[in-house]
Amino acid sequence: MAHPVLLQRPALWVAAELRGTEAARADVVPPALAVAAGVLQRWLLANRLELERDARSRTALLGDLLRLDTEPGADLRRRVADAGWRLGGWHVGLHIGVPAAVDTVARTQDVVRALRAEDVEAVVVEHGDGWTGWVTFDHEPTAARVRSLATRLQAAHRTFRLGAHMGVGRPHARPEGLAATVAEARDAARLAATRPETGHFLHVDQLGMAQLLLEWTRTDTFEPAARALIAPLLDAPGDLVRTLAAYLDAESSLAETATVLGVHRNTVAARVARISQLLGVDLSRPDERLALHLASRAVTLE
């Protein structure tokens, strides 16, 4: 016999199994289960409130660290020590973005366990559209150690199953370096969100020129111009903006673009022809390709 614990989905149940002569007392089990369900529901609510309080505290502390422009004061250092975080050493930032429907507070420990399963001991904080975190080394890590860490982070990322995208920063030293590597990780994660060909995972060292272009496309004047440039594609059917970005990413390879988008090569060819017609451009001209590449990337990231 079972009784639902009406808190949230996925639903939880309390159950009792009656065997042999116990079945004669079946009439007392439903009210007993109802009482037990109420107790369990109150415990879950109290636990949820505690998780949310701890998450708010961690998020506020991270915000204070990322806003630092001088050496941290004694109070901030005490709060960091109480949280078990380290400011010294070399930090490698990471950011995991997830869809808005994901309950980040409830899933934080799942993320921590997935990282630990790959031998990654990281600070993980609910932040923005997912989680921000970092791994701290006592000394400057070698390129080989950073690559090894990135490989293990990517392996953990594959197990999340949350529709997540993940970015990893470069090693930076001391408290001011923490803000720098976290910013790089968030940039990489933004790009990873639009890169299914990389498994929605990017290390900032993989970006090269793309990172510089990302910074450019953040300016106040570029985004309106980018949107105006490709405006004819925005309301047209056929996912034309994403097709244009993928096509230019693939250096005009119809086959590679089809693989990335999961459609037939002929579909890509028809979409590219439609894009050229709507925009009135020649995609073989380098200057027009560059402008459209930047514009489509900016609008896709937005």
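1. The strands β6 and β7 run parallel and are joined by three bridges; two strands count as paired when DSSP finds at least two bridges between them. Helices (H or I, at least four residues) and strands (E, at least two) are DSSP runs, numbered from the N terminus.

2. Before going on, a word on the source: this is a predicted model, where local features need pLDDT of at least 70, side-chain atom pairs count only at pLDDT 80 or more, and totals for chains, interfaces and linings use all residues. Residues are numbered from 1 along each chain as its sequence is written, and side-chain values use heavy atoms, with hydrogens and water left out.

3. Now the sheet: five strands form an open sheet in the order β4-β5-β3-β6-β7, with mixed pairing. Because β4 (123-127) and β7 (201-203) are the edge strands, each with a single partner strand, one side of each has no neighbour in the sheet.

4. Do look at His-91, which sits in strand β3 (residues 90-97). His-91 counts as buried because its relative accessibility is 0%; buried means under 20% relative accessible area, exposed over 50%, partly exposed in between (1.4 Å probe, protein chains only).
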